[in-house]
Each structure stands twice: as C-alpha cells, then as structure tokens.
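Here is a short report for a reader new to this structure. Take a look at the chains first, then read on.

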Amino acid sequence: MKAFWSEYAENRLAVVALAVVALVVAAALGAPLVTPQDPYDLANLNLMDARRPPGHVGSEGYVHWLGTDAQGRDLYSAILYGLRISLQMGVAAGAIAMAIGAGLGVVAAVSSNRVEQAIMRVVDLQLSFPAILLALVLVAVLGQGRVPLVIALVAAQYAYFARTAYGAATAERQKDYVEAARATPLRASSVILRHLLPNCLPPLIVVGTVQVANAIALEATLSFLGLGLPPTEPSLGMLIANGFQYMMSGRTWISVYPGVALIVMIVAINIVGDQLRDQFNPRLRR
Amino acid sequence: MSGPLLEVRGLRTHFATRAGVLPAVDGIDLSIDRGRILGLVGESGSGKTVTGFSILGLVDPPGRIVGGSVRFDGQELVGLDQEGLRRLRGRRIAMVFQDPMMTLNPVLSVGEQMALALRAHQDASRAEARARSRDLLGLVGIPSPEERLSAYPHQLSGGMRQRVAIAIALLHRPDLIIADEPTTALDVSIQGQILHEMRRLARETGVALVWITHDLAVVSNLADDIAVMYAGRIVETGPARDVLARPRHPYTRGLLDSVPGEAQPGSMLAQIPGSTPSLLRLPPGCSFRERCAHASAACGEMPELRALGGGAVRCHHALEATP
Amino acid sequence: MSAPLLELSGVSKRFERRPNLGERIAAALGAGPAGEVVHAVDDVSLSIAPRETLALVGESGCGKSTLGRVAAGIHAPTSGTALLAGAPLMSGGARPRKATTRVQMVFQDPFASLNPRMRVADILAEGPLAHGLVTRADAPAYVAGWLGRVGLDPSFASRYPHQFSGGQRQRVAIARALAMQPDLLVCDEPVASLDVSIQAQVLNLFVELRRDLGLTCLFISHDLGVVRHVSDRVAIMYLGRVVETGPTAEIFAAPRHPYTKALLDSVPRLRREGAADGDFRPIAGEIPSPLAPPPGCHFHPRCPVAEPRCREARPELRGVAGRQAACHLAGPG
C-alpha cells in the first residue's frame with residue numbers, strides 16, 4: 001500500500017486533484033457547518049437579496065462571496081449544497097451500478113455460452129444508446145425525485161461496469177491460479193468470490209472513479225433540463241439553468257460559478273481516475 | 001586488422017529505480033575475436049541481457065551506461081551519437097532477440113521487411129532485394145523461401161519466425177551477431193535445428209557470435225569461449241573446454257553440478273544454497289559470498305578478475321583441482 | 001504387482017471452437033467447415049503404479065499438458081475413462097465435476113499459479129478448510145507445518161506471493177498441493193520456469209518429498225535431463241498420441257520409436273569436456289499443427305525410416321507390458 005501511495009505522489013497534478021476532491025467532499029458533506037445559509041429552506045430566502053453581485057452584503061448581514069441567484073440564494077451556500085447532492089447522486093449511482101454491472105459481467109464470464117451471450121448482447125445494446133437519452137426516457141417515465149434519478153443514472157451506467165468486469169474476468173479466468181482453485185476442487189461460488197472478483201477490482205475501481213464523474217455530469221444535465229430534483233432543492237445543473245437567462249444582462253455569476261464548480265469537480269475526479277489507471281496498468285502487465 | 005573485434009572494458013550500466021540504483025552491469029570485461037563464438041552464461045538477474053543491449057546502445061531510461069568502454073573494431077561505442085550507432089546496427093553488429101516478434105513487424109510481409117532492412121544500409125533495387133532475401137531465407141534453412149517471402153509473421157511458426165529474424169540479422173553480413181536467448185522459447189527439436197544452422201553459418205561466414213543464455217548444455221556444444229556472469233559481474237572466463245571441464249569459480253562449479261543430466265537418477269543434486277541477492281542490496285565484497293562453501297574473511301573484499309590459465313577468475317579461492 | 005493408482009483407458013480429449021454466427025453462415029453458403037477441432041489427446045492408455053513417478057515427455061502440441069489436466073480432474077475426457085484407485089475421477093452428467101481431492105496439481109508458472117491477492121496462509125488453507133481436512137482453529141499450525149516441509153520459513157505465511165522469488169513461489173505451490181494430502185501429484189513442468197540453480201533445489205525437494213510421503217507422481221516435462229533424474233518410467237508423446245513407454249533407463253539407453261531416438265539425439269546435452277564442434281543432430285521439419293495432423297502415423301513426414309504403410313494406418317502400441325512403442329517398424333520386445 002505504501003508503495004502505491006508513494007508512486008501516486010510522484011504525479012503532482014494527481015496529488016492536487018486528490019486534494020481538491022477531498023476538500024470538496026469535506027466541504028459538501030459539512031455544508032451546513034461552513035455555509036451561512038441553508039438555501040433549501042425557503043424561509044431563509046429574501047427576494048430583496050436576489051441577483052446581487054459577488055461581495056454584496058446581504059440583508060442578513062453576511063457577505064455573499066459569490067453573489068446571489070434569482071431567488072435570493074447565497075450562491076456559495078447553494079453551490080456547496082448542490083455539490084453535496086451531486087456527490088450523493090453520483091456516488092450512490094456509481095456504487096449501485098458497479099455492484100450490478102460487475103456482478104453481471106463476472107457471471108457472464110463464467111457462465112455457459114447462452115447465458116454469456118444473452119447478458120453481453122443486452123449490455124452491448126445498452127452501450128450503443130447515448131446515456132442521456134436513456135436517462136431522459138426513464139426520468140420521464142418514473143417522474144422526478146431522488147430515487148428515480150438514481151435509477152436513471154444506474155441504468156445509464158451499469159453497462160460500462162459490466163463490459164469492464166466481463167473483460168477482466170474472462171482474462172483472469174484463464175490464469176493458472178483460477179484453474180488451481182477449481183482443480184482443488186472448490187465450489188464455483190468460492191472461486192468467483194475469493195479468486196475472480198478481487199482480481200477484477202483494479203480496472204473496476206478505475207472505471208468507477210470516472211463513472212462517478214460521469215454520473216455527476218449526467219445529473220447536472222438532467223437538472224439543467226429541469227428533470228432532476230425539484231426547483232426548491234437546486235443541484236448544480238439547476239443553478240446553472242436558473243442563471244442562464246441572466247447571462248446576457250451581465251449577471252454572469254449566477255451561472256458561471258456553479259459551472260466552474262462542476263467543471264473543477266469533474267476534472268479533478270477524472271485526473272485521479274487517470275492516475276489510478278496508469279498505476280494499475282504496469283502492475284498488471286508486470 | 002589485428003586485435004579483438006569487440007573489446008569491452010569496465011562496462012557499467014545502472015538503472016535508476018524508485019528503490020535505488022540498480023547496478024545491472026557493474027564492471028565487466030569481455031573480448032571477442034573475429035569468427036569466434038562466445039557463450040555469455042548467467043541466470044536471471046545476472047546482467048547478461050543488459051550487457052548485450054549495452055553493447056548496441058539499446059539501453060533505455062531509467063537505465064544508462066555510466067562507465068567503461070566498448071570498442072568495436074577500434075571504434076568506441078559508448079558515447080557514440082545516435083546516427084553513428086544506427087550506421088553500425090544491422091550492418092556491422094546485428095542482434096537476435098529471444099522473442100522474434102521484437103524483430104518482426106506483424107503488419108509487413110517477410111519480403112517487405114527484409115527489403116526495408118536491406119535498404120536501410122545500402123541501395124538495392126526491388127529485384128536485388130528480393131533475390132538476396134530469398135537466398136538468406138534458404139541459408140537459414142527455411143524450405144520454399146520464394147513462397148515464404150509473401151508470408152506474414154503470424155502465419156509462421158515460432159521456429160520459422162526466429163529463422164527469419166536470424167536471416168534479417170545476416171542481411172548485411174555483419175561482423176558480430178549478439179543473440180539473446182534466441183532458442184529458449186522454442187521446442188527442443190527446433191532449438192536443435194537453429195543451433196545447428198547458427199553454428200554452420202558462423203563457421204561458413206566467419207561472423208563472430210555472442211550467445212547469451214542460461215542453458216549450459218547449449219553453450220557446451222556451441223561456444224569456443226565462455227564467460228559466466230553473476231550479479232552484474234563476470235566471475236569466470238576462458239575457453240569453453242577449460243571452463244566446463246575445470247571450472248575455477250565456485251559458482252561455475254555449482255552451476256555445472258546443478259544440471260541433472262549426468263547425476264545418478266533419484267539422487268540429491270549438488271545445489272547452490274540460497275538465491276541470487278537482490279541487486280539493490282548486494283553484500284559488500286564478493287556477491288557470491290553468502291552462498292559459497294569456500295567463503296572466508298578475505299571474501300569481504302571484492303576480488304579482482306585475475307588471469308589464470310587460459311582465462312580469468314574473480315575469486316579469492318579459485319578452485320584448482322578437478323572434482 | 002499392486003493395482004495401478006491412476007488408470008487412463010482410451011482417453012481422448014477434443015477441443016472444439018464453436019463457430020460464431022458469421023462462420024456458420026459462411027459454412028452454410030459453402031465456404032467449408034465451420035469451427036475447429038483439435039484432438040489434443042488421441043486415444044491414450046496409461047497407468048501409474050503406487051509410489052511410481054511416470055514422466056510425460058513431448059514438445060508443443062503433443063498433448064501432455066492436456067493429458068495431465070485430465071489426470072488431475074480439470075478436464076473431463078471426451079471419451080475413455082480416467083480412474084483413480086478404481087473410482088472415476090469425474091462425476092457424470094452434463095457438466096462433470098472433479099469427484100475427488102486425492103489428486104492435486106502443481107503448475108508451471110509460479111508467478112501465475114498463486115492468487116496475487118491472497119496471503120500464503122490463506123492460499124494453503126483454503127482447500128483443506130473447504131474439504132474438512134483441518135479445522136479453522138488448527139489451520140495456522142497446519143499451514144506452518146507444510147511451509148516447513150517445503151523448506152520455507154513458517155513466518156512467510158502472512159506474506160503475499162509477489163514478495164517471493166520464483167523458486168519460493170514454486171515451493172508454496174507444491175505446499176498447496178500437498179496440503180490437500182493427495183495420493184497422486186500431477187506436476188506440469190514444475191521447474192521449467194526456474195533458473196538452473198533454483199531448479200536443482202526444487203528437484204531435490206521433490207525427490208525428498210516423494211520419498212518421505214510415498215507420493216505417486218505424473219511428471220510432465222520437456223527437459224530430458226530432468227526427466228531422467230526424477231522418473232521411474234517415461235511415456236513419450238507426439239501430437240496427442242503416446243509413441244513409446246517404458247522404464248526411464250531403458251528408454252534412454254535403447255529407444256525403439258524413431259521419434260524417441262530423434263528427440264534424444266537432437267537435445268543438446270551438457271558435455272563437461274566441452275567442444276564447439278559438438279554434434280547437433282536436429283529432427284528435420286516442423287511439428288505439424290494439431291489442427292491438421294498427418295494421416296496414419298503422425299510422425300511419418302519427419303521420420304527417417306518411414307514407409308508407405310506409415311501414411312495409411314495408425315500404429316498401435318506394441319511390445320511387452322510396460323515397454324511399448326507405437327511404430328510399424330519397431331519389432332516386438
């Protein structure tokens with residue numbers, strides 16, 4: 001493990017990215033503690049403070065460092081709360097999609113030809129659909145809210161995990177240690193759980209990291225289109241959407257700051273994911 | 001032109017790794033005369049492959065040659081610029097690798113690659129290139145060479161591919177061929193064929209050969225001279241006959257005794273205890289000290305490579321009598 | 001003469017590559033047969049007596065690895081029977097499973113045969129625990145015992161495979177097989193990936209264990225020197241068939257099959273007196289692809305004494321029990 005982290009630390013950019021991710025996660029989780037306002041409580045909002053530029057001192061007496069939006073929300077608070085939602089959605093969807101996808105992929109790799117073909121063709125079909133299209137359809141059918149959103153995100157993403165897990169499991173299955181386990185003989189479930197799955201994890205972790213970023217982006221897209229969470233709980237996408245109409249009138253901060261936050265978050269996660277991928281690769285090649 | 005064809009003095013190639021400096025090759029001396037076959041013998045981690053690469057300047061970062069000299073026909077190769085090395089490689093010094101796919105391009109036919117290799121160093125028309133390629137394929141024992149010219153590497157067996165790689169090495173009639181375990185990955189009968197061809201070619205064309213291997217049986221049937229490497233250094237050299245019949249260094253003796261070929265079946269083989277020390281943590285003094293039955297306090301000092309008989313030994317207690 | 005421990009009768013193992021949809025369409029349209037069939041093992045009958053070591057020798061494509069895996073219960077034979085102490089190795093049915101733990105296997109590549117994510121202690125204890133050979137409470141002592149047996153420090157149990165050298169890993173692999181307390185050990189080229197000096201160590205370990213534990217072994221190797229050193233009897237294979245069997249010393253001294261003779265001649269042998277004019281007498285030609293073996297006797301295209309009938313009819317193993325050769329021209333006895 002130590003060797004892993006010291007190798008990671010050699011890439012300065014990746015270290016910075018990891019720090020950014022850690023910081024954002026901490027801030028987002030502790031949002032109530034570090035923000036002056038709970039932007040989801042409509043009682044806190046004062047329309048008198050709406051559309052104020054960054055630095056304006058609001059009616060509550062504190063400085064709106066990033067300005068306010070059209071409903072009078074302190075943008076700094078709204079962004080952190082929004083990031084919190086994005087992270088919750090992204091990680092939850094990513095974890096569930098990984099569990100489902102990896103399970104399907106490994107099962108496909110060890111099963112008979114028919115089962116294998118059936119599973120992988122469905123996965124292929126899914127991969128050929130644009131994720132956003134699938135998510136849109138599901139949200140339209142299931143309605144708005146946290147649970148439908150997570151379902152839509154999981155449905156859009158599990159196929160990547162399935163494909164990765166299938167490839168890794170197919171390769172690992174042919175290795176001697178798996179053959180040795182089966183030859184003991186050990187039950188198929190033991191072989192899968194103790195031997196195959198743990199060795200398929202590295203590529204899955206890499207995919208997982210990037211998929212969290214993708215889920216966040218997808219959620220933001222859905223929210224931007226008004227199909228995410230209700231307008232009273234704006235996530236980053238909704239904040240950007242809300243501020244769109246003010247872009248031309250000079251009140252750019254309402255869209256830009258949430259946008260920057262979103263981009264920084266996604267890029268940071270991607271950089272961490274890239275570094276993990278590079279680190280796992282030469283090891284696997286040995 | 002008198003003097004040895006290849007003369008290596010004090011060659012050191014070190015690798016800068018995260019865990020420290022790895023002295024893969026740490027001061028070796030070698031000398032090969034024209035038309036002779038040298039067997040460079042060693043186990044994994046001995047530095048024999050890195051030696052071959054160093055001679056040709058093929059060592060990539062994080063490794064680099066940090067000292068010593070390699071004189072080929074009077075010309076110094078260490079420090080030579082890329083263009084100078086390129087002019088030598090393939091034309092006067094050629095290399096054959098363990099994996100023939102390191103030489104062969106999978107997307108070009110055999111004829112195309114050989115023509116490319118030929119034209120790298122000399123002008124030749126397509127007809128001339130084709131004729132020379134065909135002749136060489138026949139020379140290395142490939143049946144129906146004319147047909148093979150249009151084959152792609154994946155259509156050939158491992159043995160065939162290696163022969164093609166050897167044919168490419170011979171294209172420009174080099175003075176020296178460095179062969180790095182070229183038959184290790186092949187079946188024993190194919191190995192026998194290739195050894196037979198290589199020896200015949202060496203005798204007929206007068207090319208000098210450095211055969212890098214861990215296989216003592218091969219070396220005992222092929223080489224004129226033998227150099228044994230251990231932990232980055234040469235521990236013994238000499239004419240093959242002498243080194244094999246009367247090994248002076250305890251490692252050489254141990255290695256020869258480990259081969260099960262002639263021992264009493266079912267008996268315990270004479271074994272060298274322990275294993276090669278990590279190059280990152282070599283003990284001071286003689287690297288073989290901790291595994292040697294003859295070690296003494298004097299072995300805390302690294303022994304010099306001293307001339308003895310027709311060869312040289314790096315040992316304070318060079319064995320004298322035959323077993 | 002006691003009953004054989006392992007008995008393979010008429011064992012064949014066929015591998016088929018089922019054609020994908022495109023190939024099946026092409027075949028239906030007349031493009032030729034779809035799919036490929038390899039007869040990796042073709043009607044082989046062998047037996048190993050208790051406490052005996054039989055070596056399987058051959059080059060690539062000869063089927064020795066596949067036959068070893070049939071003997072180890074990894075593959076079910078396509079036809080023929082494989083019996084261990086009189087009982088079938090595999091259970092019946094559509095998906096045969098290995099029905100016994102009394103035969104275990106040691107694999108060739110010490111780097112690939114150990115799960116990189118499991119500690120040595122878990123690797124060694126997994127099988128015995130699953131089959132009730134040891135209780136969870138006794139497992140650590142059991143593991144320590146076997147590590148000591150193979151010459152490793154028992155404290156290594158908490159380490160991961162990548163922390164060991166090749167020779168040490170192979171010892172762990174041997175310990176893993178022995179921890180299941182098998183009667184028959186199948187070793188697939190166990191020393192081929194090791195350096196010469198380490199090879200000697202592992203071979204010595206092998207000789208010692210065989211003696212102390214009374215093991216019966218099927219030893220697969222292409223290295224004739226190793227085979228001569230460790231085996232009581234040898235079976236030579238070529239392209240899926242056994243071409244000669246017999247006591248090791250006899251086969252090396254007086255081979256009867258042309259392939260055996262040619263193989264023994266072509267392998268470079270260490271000559272201590274050294275001579276750069278050592279005689280290489282290679283076998284002519286290449287090993288044919290197992291997908292399209294020559295008709296009749298598989299060896300006839302490369303055989304120096306082939307006759308017309310060698311192309312027509314497959315030679316049967318002939319000779320006295322325990323000393324046989326599959327050649328039309330090898331005289332009896």
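Chain A has 11 helices and two strands. Helices (H or I, at least four residues) and strands (E, at least two) are DSSP runs, numbered from the N terminus. Read from the N terminus, the elements of chain A follow the order α-α-α-β-β-α-α-α-α-α-α-α-α.

This is a predicted model, in which local features need pLDDT of at least 70, side-chain atom pairs count only at pLDDT 80 or more, and totals for chains, interfaces and linings use all residues. Residues are numbered from 1 along each chain as its sequence is written, while chains are lettered from A and ligands numbered from 1 in the order in which they are written.

**Chains A and B**

Chain B holds 10 helices and 12 strands. Its radius of gyration is 21 Å, close to the 20 Å that the globule rule gives for 323 residues, so chain B is as compact as a globular protein of that length. That radius is taken over C-alpha atoms, and the globule rule is 2.2 Å times the number of residues to the power 0.38.

The table sets out values for both chains. A residue is buried if 20 or more other C-beta atoms lie within 10 Å of its own, exposed if 12 or fewer, and partly exposed in between; C-beta atoms are placed from the backbone.

| Chain | C-alpha extent along the principal axes | Buried residues |
|---|---|---|
| Chain A | about 75 × 45 × 30 Å | 45% of 286 residues |
| Chain B | roughly 65 × 50 × 45 Å | 50% of 323 residues |

Contacts along the sequence can be read too. Two residues are in contact if their C-beta atoms, placed from the backbone, lie within 7 Å. Take the contacts in chain A between residues at least 6 apart in sequence: 68% join residues at least 24 apart. For chain B, the share of such contacts that join residues at least 24 apart is 64%.

**Confidence in chain B**

The mean pLDDT of chain B is 89, and 98% of its residues score at least 70. pLDDT is the predictor's confidence in each residue, from 0 to 100. Within chain B, confidence is lowest in helix α7 (residues 188-205), at a mean of 84. It is highest in strand β3 (residues 37-41) of chain B, at 95.

**A sheet in chain C**

Chain C has an open sheet of four strands, in the order β2-β1-β4-β5, with antiparallel pairing. β2 (36-48) and β5 (87-88) of chain C stand at the edges, each with a single partner strand, so one side of each lacks a neighbour in the sheet. Two strands pair if DSSP finds at least two bridges between them. Strand β4 (residues 79-84) of chain C pairs with β5(C) in the antiparallel sense over two bridges. Here C:Leu84 stands opposite C:Ala87 in β5(C).

**Where the chains meet**

Ala, Val, Leu, Ile, Met, Phe, Trp, Tyr, Cys and Pro count as nonpolar, Asp, Glu, Lys and Arg as charged, and the others, Gly among them, as polar.

Chain A also touches chain C: 13 residues of chain A are in contact with 18 residues of chain C. On the chain A side, α8 (176-183) and α9 (188-224) give two or more residues. The largest share of that side, five residues, comes from α8(A). By class, the side of chain A that touches chain C has six nonpolar, four polar and three charged residues.
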